[in-house]
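Dear colleague,

I am handing over the structure we spoke of, with its sequence. My notes on what was found in it follow below.

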Amino acid sequence: MAELSKPDLCIIGAGSLGVELACRARRYGASVVLVDRGRPEAGDGVAQTAALAALAGIAARAHSWRTGAAVGLAGDPPKINHRTVSEQVSRVVAELAPERSTERLQALGIVILTGAPAFADKQTLVVGQTTIRADHFILATGATPKTPAIPGLEDVPFFTPDTIVANTRKLTHLVVIGGDAAALELAQVHARLGSQVTLTSPGAILSEADAESRAILLRALVEEGIAFHENVEITVLPRKLGIGVQLQHFGSETTLLDASHLLVTTGRIPDLEGLDLAKAGIARPDQQPEQIKVSAVGRTTNNRVSAVGGAANEKHPHAARRAGEALLGRLLLGKKTSNSKLAPTLVMTSPELAQIGLTEPRDGASGQQILRANWSENPKARALGAAHGAAKLVVNNDGTLAGAALVGIGAAEMLAIIALAMERRLHVAELAQLVLPHPSFAEVLRSAAEQFEGKTASAPATRRRLKLPRLLG
């Protein structure tokens, strides 16, 4: 006979995000069923970021070796063993991945079911011989790489962000198709590992990034030898040896590239295959039928079902984790939903690009202003030869922060200070009063914030207060 399970929570997808949410829910005292679909969840955020960080770390060493002559460290160019690089990346991922053994999870009180899940109706999920009627279901199923409609692409082999980290060979000329963060991160890594790299994009590269920060980042990557072609029509030309890539620029200009390998990174599609979502009353957008309709807090059109991470079309692992934590807090603890708009956007290249909130004054907003500071004025950046960078803070008329855009070494971690200041609605003057180690990259933020104090000090009322002691003699 079929078994019947009635847990507080059923999480579908046993990737890093699903496991983390299951463990957290158990700490809150909820009964949890975790559905393992019997295969790795696509686009596992924790594993991917760990793999890219490991690959970027190795590439940074090679880049430092290769450019050491400029500071008196001349030597032979690095000899890169790509198989050893791949093995090291695999070790790092294994070490950093959350402990997800069945024994550990069961010891925590999590019930694990393995098999292909499918909804039978709005309240029921079936996995093998088990019927689950949970108080709430969470889709944490990840997302698979999207294959764009590019002529000729279906006739050639290509890497995706999920597969290229396992590459064990030198890529003579890697042509990257895509303009998102992953495209730039992987382009730089492979350029530093000795490949010729050309990045092409059907649209604008980093279209959602602050224009000034984007320009600084692209200029730095061009200096490392990466070629860029954006807003082009792409055609792939299969050949017996290598791959031809034709780029049609707006107008009449055509560029032909001889590629040894292709990397396609043009976004992801939620991996919801086989779930029978229609039976659960979960609707899909008319214009994007590969996705599902979700509210700002991750609720689907079925009040018993929510989606997080790739299933909810969330691109950033850190934002997916935060959304998952907020979801559990709302469902299990009755907490109010936090402001998900404060989730930062990160591009983990070198220099890094990080932004949050507004990066330009809002149209019609009165009193908003921009404060700026440059990495070239920062002692630590200059000492390390890392002077590519700028900080831009958008400040409301009451002195609170409306957003920021940073590009430079250490930008991602510095953005944590900005995010905290925005969350707590701190006055920008409080950033100027931070006691920071010297030298440190974070002094860039203080330099920008001090400009607000300077503008305040020049106000007429302030000038009158300064003159008062002289008048009184």
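This is a predicted model: local features need pLDDT of at least 70, side-chain atom pairs count only at pLDDT 80 or more; totals for chains, interfaces and linings use all residues.

The buried residues of α7 are Ala 319, Ala 320, Gly 324, Ala 326, Leu 327, Leu 328, Gly 329 and Arg 330. Helix α7 itself covers residues 317-333, which makes 17 residues. From its first C-alpha to its last it reaches 23 Å, close to the 24 Å expected at 1.5 Å a residue. Just after α7 comes Gly 334, with a positive phi of about 75 degrees.

**The sheet**

Three of the strands named above, β2, β8 and β18, belong to an open sheet of five strands. The order is β4-β3-β2-β8-β18, and the pairing is parallel. At the edges stand β4 (111-114) and β18, each with a single partner strand, so one side of each has no neighbour in the sheet. On average, neighbouring strands of this sheet are turned by 20 degrees against each other, direction ignored.

Within the sheet, β2 and strand β3 (residues 32-36) run parallel and are joined by four bridges. Leu 9 has Val 32 of β3 as its bridge partner.

Two helices lie across these strands. Helix α7 lies across β2, β8 and β18, and runs at about 175 degrees to β8. Helix α1 lies across β2, β3 and β8, and runs at about 170 degrees to β3.

**Cysteines**

How many disulfides are there? The count comes to zero. Cys 10 is in no disulfide, and the nearest cysteine sulfur, that of Cys 23, is 15 Å away. A disulfide needs the two sulfur atoms within 2.5 Å. Cys 23 is likewise in no disulfide, its nearest cysteine sulfur being that of Cys 10.

Are these two cysteines buried or exposed? Cys 10 is buried, with a relative accessible area of 0%. Cys 23 is also buried, with a relative accessible area of 10%.

**Salt bridges**

The count of salt bridges comes to 18. Three of them are described here.

The side chains of Arg 37 and Glu 41 form a salt bridge at 2.9 Å, N to O. Arg 37 counts as buried at 9% relative accessibility, and Glu 41 counts as buried at 8%. The cut-off for buried is under 20%, so both residues of this pair fall below it.

Glu 212 and Arg 372 also meet through their side chains, at 2.5 Å, N to O. Salt bridges that share partners join Glu 212 and Arg 372 with Asp 210, Glu 360 and Lys 392 into one network.

The side chains of Lys 279 and Asp 276 meet in a salt bridge at 3.9 Å, N to O. The cut-off used for a salt bridge is 4 Å. Asp 276 counts as partly exposed, at 37% relative accessibility.

With regards

Note on methods. Residues are numbered from 1 along each chain as its sequence is written. Side-chain values use heavy atoms; hydrogens and water are left out. Buried means under 20% relative accessible area, exposed over 50%, partly exposed in between (1.4 Å probe, protein chains only). The expected span of a helix is 1.5 Å times one less than its number of residues. Two strands pair if DSSP finds at least two bridges between them. Axes are lines fitted to C-alpha atoms, for helices over the stretch in contact, and angles run from 0 to 180 degrees between N-to-C directions. Contact means heavy atoms within 4.5 Å.
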